Amino acid sequence: MNSSGGITSITVEGDTIIVSGTANQGADSTRTLWFETVAGVAFAQGTSAKWLDREVTDQGGQTTDSARDALTSGSADAFAPTTLSEDEFADGVRTRASALGLDVVSTTYIGLFGGSGEIVVQPEDPKEFVAHAGWQVAELLGELGQDQKRPYLVTVVDEEHVPLLILAYVPNVGGDQGQGLSWLAPNLQSDAVWGSTTAALDAP
């Protein structure tokens, strides 16, 4: 799984932080939007900014994703001392993924908010995992998803490393509980994505 672009600029206009980036439509655009949001929230800390605008465009300049949300004071500190090192992050992900029968394709560490990052996993049965992803992703995240003070991004891919599901979170934006982001491949259903037609299923 390769990103086609990334963040290209962060600017300030009045009380608004504006973050721009490039990416292909679909999962890549959602991933870039998450990175833009994390960067924008960190950039805004300690300023009087009230709004965070993000835009993702493709190589032709067409908008593939955009969002405007209120920045909140929150309790998450983007520049808090590191409490989770890169090795601890990667080792914890591998341990929890193994218990769930997942192969870890990659991890990308982010040294903000005390330490967190991006996780890409491949299940043995990707479509079945996606359908019941809610509790399983929570187990994969472990402590990363519990205190609402660390951003995270989880991507589930198939055997060809094609993305099927993205679940992500960023604190201090969009509301007191932070903001969740999700993306689901066409023609799939998941109990982890609001609006998907799969009924919520109980964990065994």
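In this predicted model, F89 is buried, with a relative accessible area of 2%. The ring of F89 has a partner in Y109: the two form a tilted aromatic pair, with 6.0 Å from centre to centre and 55° between the planes. F89 belongs to helix α2 (residues 86-99) and Y109 to strand β5 (residues 102-110), so the contact ties together parts that are 20 residues apart in sequence. Y109, for its part, is partly exposed, at a relative accessible area of 22%. The structure holds three aromatic pairs, this one among them. Another ring, that of W51, has the charged end of R68 sitting over it, 4.5 Å from the ring centre.

Turning to charged partners, side chains of opposite charge can pair when their charged atoms come close. The count here comes to five salt bridges. One of them joins E118 and R31, at 2.6 Å from N to O. This bridge links distant parts of the chain, with E118 in strand β6 (residues 116-123) and R31 in helix α1 (residues 27-44), 87 residues apart. Both E118 and R31 are buried.

D69 and R54 make a further salt bridge, their closest N and O atoms lying 3.0 Å apart. Because D69 sits in strand β4 (residues 63-70) and R54 in strand β3 (residues 51-57), the pair ties together parts 15 residues apart in sequence. D69 is buried at a relative accessible area of 17%, and R54 counts as buried at 3%.

A salt bridge also forms between E143 and R96 (3.4 Å, N to O). E143 lies in the loop between α4 (133-141) and β7 (152-157) and R96 in helix α2, so parts that are 47 residues apart in sequence are tied together. E143 is partly exposed, with a relative accessible area of 39%, whereas R96 counts as buried at 16%.

Technical notes. Residues are numbered from 1 along each chain as its sequence is written. This is a predicted model: local features need pLDDT of at least 70, side-chain atom pairs count only at pLDDT 80 or more; totals for chains, interfaces and linings use all residues. Side-chain values use heavy atoms; hydrogens and water are left out. Rings of Phe, Tyr and Trp (its six-membered ring) pair if their centres lie within 6.5 Å; planes under 30 degrees apart count as stacked, over 60 as edge-to-face and the rest as tilted. Helices (H or I, at least four residues) and strands (E, at least two) are DSSP runs, numbered from the N terminus. Buried means under 20% relative accessible area, exposed over 50%, partly exposed in between (1.4 Å probe, protein chains only). A charge sits over a ring if NZ of Lys or CZ of Arg is within 6 Å of the ring centre and within 35 degrees of the ring normal. A salt bridge is a side-chain nitrogen of Lys or Arg within 4 Å of a carboxyl oxygen of Asp or Glu.
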